[in-house]
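Visitor: I would like to learn how to read this structure. Where do we begin?

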Amino acid sequence: MSRGRPVAWAKRFALAILIIILFCVPVFLRNDYWLFVFCLAWINVLLASSLRTIYRTGELSLGQVGFMLLGAYSSALLSMRLGIPVWLTMLIGGLFAAGVALLLSYPMLRTKGVYFSVLTFLVAEIFRLAMWYMPSLSGGPAGLSKIPPPGTINLFGITSITFATKSNYYYLLAVVVLLSLLALFRVERSLGFTWMAIRQNDDLAESVGINVKGYKLVAFVVGCFFAGIAGGLFAHFMHLLTTDVTAMFGMLTSIYVAIYMVAGGEARVAGPIVGAVVLTLAPEVARPLKEYQPIVFGALVIFIMFFMRQGIIALPYYLRLWWGRAVAGQGRRLGEGGTTR
Amino acid sequence: MEIFGIPAASLVQSFINGLALGWIYILIAMGLSLVFGTMRILQFAHGEVYMLGAYAVYDFVVLHGLPFLVAMPLCMATGLILGLILERFFFRPLGGEFLPTIMIALGVMIVLQAMVTVGFGVTPKSIPSFAPHAVEVLGIRLGSDRLIAVTVSIALILLLYLFLKRTKLGLALTAAAQHREASLLMGINPTHMSVAAMAIGSVMASVAGGLMGSIFPINPVMGGTALIKGLIIIILGGMGSLPGVVVGGLILGFIDGVAPVVSGAATAAIAPLFIVTIILVLRPQGLFGHE
Amino acid sequence: MIGGDLPILETVGLTKHFGGLVAVVDLCLSVGRKEIFGLIGPNGAGKSTILNLIAGSLRPKSGRVVFNGEDVTDFAAHSRAGRGIARVFQANTVFPDVSVATNVRVGFHLHSGIGFWETFFGRKSATEGREKLLYEKTMEILRLVGLYEERDLAATSLPHASQRRLCLAIALAAEPSLLLLDEPVTGMTAEEVTTMLSVIRALRDEKGIGCVLVEHNMRAVMNVCDRIAVVNYGEKIAEGSAAEISEDPAVIEAYLGAEEDAV
């Protein structure tokens, strides 16, 4: 049932204000390093949201990083070796990742649950290793460097925008990611109900005529497309790609992306967004702690899983809950009820 | 004599080396399989238990000068305590739910890795071998440390087998791993099973770490590789099947040992993963699993 | 055969093996339209496997499944559902985290009149109109099975028998011409059984929806089925009316031989 008109417009107004603030960040943030972190946050937002799209059907992909790799390298190599404009190569990168996802979907979607998750994890690792052992494409241990930024845009001869600077790239990221989120939101609005049915009981869904494999395929391909786009955005931002096991496309990143989604709160669209932002910025805030920083991060994740199962996005709910309990004088107990799926 | 252009002797040497490592990986995979079979969760922090076992031995032997024969039991104790803590305070409160358990295990993994990095630094450390000589049999060199490591591994696995087949707790554990609902109906307490599985699994993992650390240098991120190896083995052999773990481990050991020599590092790294993905798609229960 | 010349469902020589185990052997069934067809047999006789083969969640080793004159043997389960076969599973299979009404709404997936492309490009007002229509249809089905009062409750909060009726309601939303009912009255009290059976009869008489019914409750089966087939070890050993099969020596032997409690 639709809500009252005033509430809907208030929400849209708040969203608009938020977007304006986001676009003002480079203006206020003179520090180049923090701008860099914010840019990474945008990319993580897209990654976490792409993961959530796939998870709407009940399958947790631990291999988004693999499709990000496909998008990143195809975009980088096409622009560097064939001189194709970066705008186009980023798109091709996304399409390439989606294409590979489509090809692999037939075997991969035959698996479910933990098997699917492990499978995606391994497939991403295979992509990385394959790249590592093809130094002609990946640049070997030194990596692929000097990846060009997107070309300059000439605005009616009045002024031109280059993307070598972080602040301009920030705007690019903001625009692309926001458009992507809009697309994902649109897809979810159409297919989300059926995805929910599949996630809660796929046998039952199949028995009422829902083409479960087909719907899972759409979610998977769409999710991998945007992971590929994130990869392209990443490549032309960092100007360097490596396939070293401890680096960007390693197992740990896949895990981080899943953490962004779950810790942010996978039930709501905004969950992964909040999760990605908070968990990209928080470690940076904790950077002065140096080696202790991952301990803080890990502890935060554990805390959220125990006490805020629905995610950071549900913070208002939890604050009310804890306040209520504090007022009622009840003790805290480990573990928390909440939606499990 | 040459096979694939490589002298047979060095082929056999590589094969033996791979098998030796394989037994240590089997120890890791056994624990992972036991936990998965009993608790139905993928214990992502299992690799870190292994890593901590290695660092425990390093600490006892190098920093405190204790002899190996003392360090190893202490290492087992460390593993046991860690496993019990994880089960009681991290996994039990979650009730086995898929997503929260994975997240907690990942959080624990990150914290443990960071703690070791803080405590010991990120550069690899070496533990002086407890048996620096080598034995030569039929033209094949076998490091005594590897020989002992294999012997210890096999001994532990045999002990585990006897435990599972001959003791009441062991039989209950097997039953719980094979058919959870039926075992509940028979009055088997799932909490006791979880505790037992985590305890045994963690002890085996930490011993594996200690043994591995005596042969190779250790670093804080060694847990990740171990976890992947363990995953590969239990998928090959079948999740929840213990004979499958042995077979899977030997196959992996074979590939790990021989493939780099025969077809290069690329194949050696990718082939096991590739084989396992095929298995996951075509026969998710693995070679011996039942699901 | 009752109700028309062309059978709505036929299985021809259906065979299924699980590794070395032979589950179903050369099964030939013919179910007429608007017929309540019972499928009984001792435990492990292969009844659920047969339903799985008809519904499409299992593929046979050999043989064919013909629905409404069309060979659907190679069709996936969801395609068969699209052609009019709906299924009620043995255990209570519902969508756990949503309301009773939403559960039924999912069943309308195929007949929602909202095509795939329309969900992306259709105007919101058109979708809203259809949603209203579906809401009304949902309420109608809930009233039919007697769950109207519980429409906003969480599906899992319903007692067992009500969940069974919910499963039936979900299947009905798919607008089937044939229902596959796997133990619909198991675990119900005598009163609940009577209610369920009257719903099944009403579906046949008022809506023309027949069903294939697998049950262990013999009295229910004898009571409601037009014809019954008896299977043992995957083979059909008898077929006929309730009276006929209850006197069939092969049937009696199968049940006594399996020391089955046939009540």
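**A residue and its surroundings**

Guide: Start with one residue and its touches. Leaving aside residues up to four places away in sequence, C:A45 touches C:V231, C:N232, C:Y233 and C:G234. Keep in mind that this is a predicted model.

Visitor: Where in chain C does C:A45 sit?

Guide: C:A45 lies in the loop between β3 (36-40) and α1 (47-55) of chain C.

Visitor: Is C:A45 buried or exposed?

Guide: Count the neighbours. A residue is buried if 20 or more other C-beta atoms lie within 10 Å of its own. C:A45 has 25 other C-beta atoms within 10 Å, so C:A45 is buried.

Visitor: How far is C:A45 from C:V193, in sequence and in space?

Guide: The two are 148 residues apart in sequence. From C-alpha to C-alpha, C:A45 and C:V193 are 24 Å apart in space.

Visitor: How many residues of domain 1 of chain C are in contact with domain 2 of chain C?

Guide: There are 7 on the domain 1 side, in contact with 6 residues of domain 2 of chain C. The domain 1 side of chain C holds 5 nonpolar residues, 2 polar and no charged.

Visitor: Now the chains. Which pair of chains has the most contacts?

Guide: Chains A and B, among the 2 pairs of chains that touch. Chain B and chain C are joined by no contact, and their closest C-alpha atoms lie 13 Å apart.

Visitor: How many residues of chain B are in contact with chain A?

Guide: Chain B brings 31 residues, in contact with 35 residues of chain A. Next, ask which elements supply them. On the chain B side, α4 (98-120), α9 (222-237) and α10 (242-282) each give two or more residues. α4(B) gives the most, with 14 residues. By class, the side of chain B that touches chain A has 25 nonpolar, 5 polar and 1 charged residues.

Visitor: And the fold of chain A: how many helices and strands are there?

Guide: Chain A has 13 helices and 4 strands.

Visitor: What share of chain A counts as buried?

Guide: Of its 341 residues, 48%. Contacts tell another part of the story. In chain A, 75% of the contacts with a separation of 6 or more are between residues 24 or more positions apart.

Conventions. Residues numbered from 1 in each chain as written. Chains lettered and ligands numbered in written order. Predicted model: local features only at pLDDT ≥ 70, side-chain atom pairs only at ≥ 80, totals over all residues. Nonpolar A, V, L, I, M, F, W, Y, C, P; charged D, E, K, R; others polar. Buried ≥ 20, exposed ≤ 12 C-beta atoms within 10 Å, placed from the backbone.
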